[in-house]
Amino acid sequence: MKHYFLFFISNILIENFILVKFLGLCPFLGASSKLNTAFGMSFATAFVVLISSVLLWLVNFFILLPLHIVYLRIIAYMLIISVSVQFLEILLRNTSPVLYRILGIFLPLITTNCTVLAIPLFSLYLNHTFLESICYGLSASLGFTLVMIIFSCIRERIVLSDIPLPFRGAPITLITVSVMSIVFMGFKGLVKV
């Protein structure tokens, strides 16, 4: 049990995909200007990552490996991720039209989010079991969610702040991301897995 707890904390804080591995920066910067959008985008991404992690592990170990067609892994992964995003899009359109409109173009872009593909690939590379793969997907997506929400709160405060003219817009956004990254990299050594 302690192993899974440390595994969880490590993936959320220490090995964060956005601030430490620098994957998924496009939706991070694009959908984090408002808290509502950040919540929706992060939970939609978390849903796709979790569903994809489960399905991709099953496809890899029960179809691709036994049939010796591992060279089709990336194609199969992208197909499953695309289907997961389409399922989420249909689900949101029918259950939460407001969130569907808020997310707009960012919802289909989850398919091309490199974090969504990287999480199952890292899980495969690290030889995770089925349960570890689920925990890895869940904890990595929770780390994505945590950073999105923190950053969107900071960005909403930045809009209300008096910032010198040369730092307005993209410069202050990138400076803020850099400082957040330094903070998250400070967690290295906190948990040894």
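Student: Is the crossing of α3 and α4 left-handed or right-handed?
Tutor: The crossing of α3 and α4 is right-handed, meaning the near helix is turned clockwise from the far one by less than a right angle. This is a predicted model: local features need pLDDT of at least 70, side-chain atom pairs count only at pLDDT 80 or more, and totals for chains, interfaces and linings use all residues. Residues are numbered from 1 along each chain as its sequence is written, and side-chain values use heavy atoms, without hydrogens and water.

Student: At what angle do the axes of α3 and α4 cross?
Tutor: Roughly 140°, and the axes of α3 (residues 35-64) and α4 (residues 73-95) come within 9 Å. Axes are lines fitted to C-alpha atoms over the stretch in contact, with angles from 0 to 180 degrees between N-to-C directions. Helices are DSSP runs (H or I, at least four residues), numbered from the N terminus.

Student: Which residues in α3 meet α4?
Tutor: Among them are Phe47, Ile51 and Leu55 in α3, and the α4 side includes Tyr77, Ile81 and Phe87; contact means heavy atoms within 4.5 Å.

Student: New topic: how many aromatic pairs?
Tutor: The count comes to 10, taking rings of Phe, Tyr and Trp (its six-membered ring) with centres within 6.5 Å; planes under 30 degrees apart are stacked, over 60 edge-to-face and the rest tilted.

Student: Where do phenylalanine 7 and tyrosine 136 sit?
Tutor: Phenylalanine 7 is in helix α1 (residues 2-14) and tyrosine 136 in helix α7 (residues 130-160), 129 residues apart.

Definitions and conventions
Helices (H or I, at least four residues) and strands (E, at least two) are DSSP runs, numbered from the N terminus.
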